[in-house]
Amino acid sequence: MPQTLDRRRLLATAALGGVVGATGLGSLAPEAAFAAEPATVEPGAPDPNFVEGRISKISGHLLLVTGSDTVLHSIRITDGTSIWKLHPTTFDQVAIGDGLYARGVRLPDGTLAADSVWVNIVNLHAHIAAVGRNLLHLDHKGQRIVAHVVPGRSAAVYNGTPAISDLSLLRVGRHVQVLGAWHPDTNEIDIATVYAAA
């Protein structure tokens, strides 16, 4: 039976290595969350315009988030906030227990007014251990991840070609990079994009 991963361990091993987030004016595509250069901050200091953590409370349009370092954050969702949760979505799809990355601007009271929020996003480098009907079993640093293919959403990029919905070229033993959305408190994700060699 696969061991369930906690959010901190999954995100720490899968997504945080050197990742900061997209700019407020950038794309909401999941790739954008992992592509932007870090903002200029003092060495060793946290980026004041970036928050990561898990939602502990939702009050109106305010998210209370506990960071992986146990620091508490307040994130204000505005009419201009872009939200991604496997695909661009709306605030009503965000739930207590979801993990997130958020980028925005700090208000005088310390609240982050979010430009972009990526909910449950993961970026995994893994090997395909098995291929099933509408799912992949991945080996990610010795941990088993069940990656679900979402019809009409999941796509594959083979050798840098444009993304297509055909995942049939994925083979056992191949290295892949998977962008997707984590199912909180499980070892399961939904696939947004798989990058692989054909």
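Predicted model: local features only at pLDDT ≥ 70, side-chain atom pairs only at ≥ 80, totals over all residues.

Me: What does the secondary structure of the chain come to?

Reply: The chain has two helices and 13 strands. These are DSSP runs numbered from the N terminus, with helices being H or I of at least four residues and strands E of at least two.

Me: And how many of the residues are buried?

Reply: Of the 198 residues in the chain, 43% are buried. Buried means under 20% relative accessible area, exposed means over 50%, and partly exposed lies in between, with a 1.4 Å probe and protein chains only.

Me: What share of the contacts is between residues 24 or more positions apart?

Reply: Such pairs account for 57% of the contacts with a separation of 6 or more. A contact means heavy atoms within 4.5 Å.

Me: Which residues touch the most other members of the largest nonpolar core?

Reply: In this core of 19 residues, they are Leu-136, Leu-138, Leu-170, Val-176, Val-178, Ile-189 and Val-194. Two or more residues come from each of β8 (121-132), β9 (135-140), β10 (143-148), β11 (155-158), β12 (175-182) and β13 (188-196). A nonpolar core is a set of buried Ala, Val, Leu, Ile, Met, Phe, Trp, Tyr and Cys residues joined through side-chain atoms within 4.5 Å.

Me: Take Leu-138, then. What does Leu-138 touch?

Reply: Leaving out residues up to four places away in sequence, Leu-138 touches residues including Leu-124, Ile-128, Ile-145, Val-176 and Val-178. There is also a second, separate core of 15 residues, which includes Ile-75, Val-94, Leu-112 and Val-117.

Me: Changing topic: where does Thr-111 lie?

Reply: Thr-111 is in the loop between β6 (99-106) and β7 (112-119). Thr-111 counts as buried because its relative accessibility is 8%.

Me: Which residues does Thr-111 touch?

Reply: Not counting residues up to four places away in sequence, Thr-111 touches Leu-62, Ser-74, Ile-75, Arg-76, Val-105 and Arg-106. The C-alpha atoms of Thr-111 and Ser-74 are separated by 5.0 Å, although these residues are 37 residues apart along the chain.

Me: On to charges. How many salt bridges are there?

Reply: The count is three salt bridges, each defined as a side-chain nitrogen of Lys or Arg within 4 Å of a carboxyl oxygen of Asp or Glu. Arg-103 and Asp-47 form one of them, at 3.0 Å from N to O. Arg-103 is in strand β6 and Asp-47 in the loop between α2 (30-33) and β1 (50-59), 56 residues apart.

Me: Is Asp-47 buried or exposed?

Reply: Asp-47 is buried, with a relative accessible area of 12%. Arg-103 also counts as buried, at 8% relative accessibility.

Me: What about Asp-185 and Arg-54?

Reply: Their side chains meet in a salt bridge at 2.7 Å, N to O. Asp-185 lies in the loop between β12 and β13 and Arg-54 in strand β1, so this pair ties together parts 131 residues apart in sequence. Asp-185 is partly exposed, with a relative accessible area of 48%.

Me: And where do Lys-85 and Asp-98 lie?

Reply: Lys-85 is in the loop between β4 (82-84) and β5 (88-89), and Asp-98 is in the loop between β5 and β6, 13 residues apart. Their salt bridge has an N to O distance of 2.9 Å. Lys-85 is partly exposed at 22% relative accessible area, whereas Asp-98 counts as buried at 4%.

How values were computed: Residues numbered from 1 in each chain as written. Heavy atoms only, no water.
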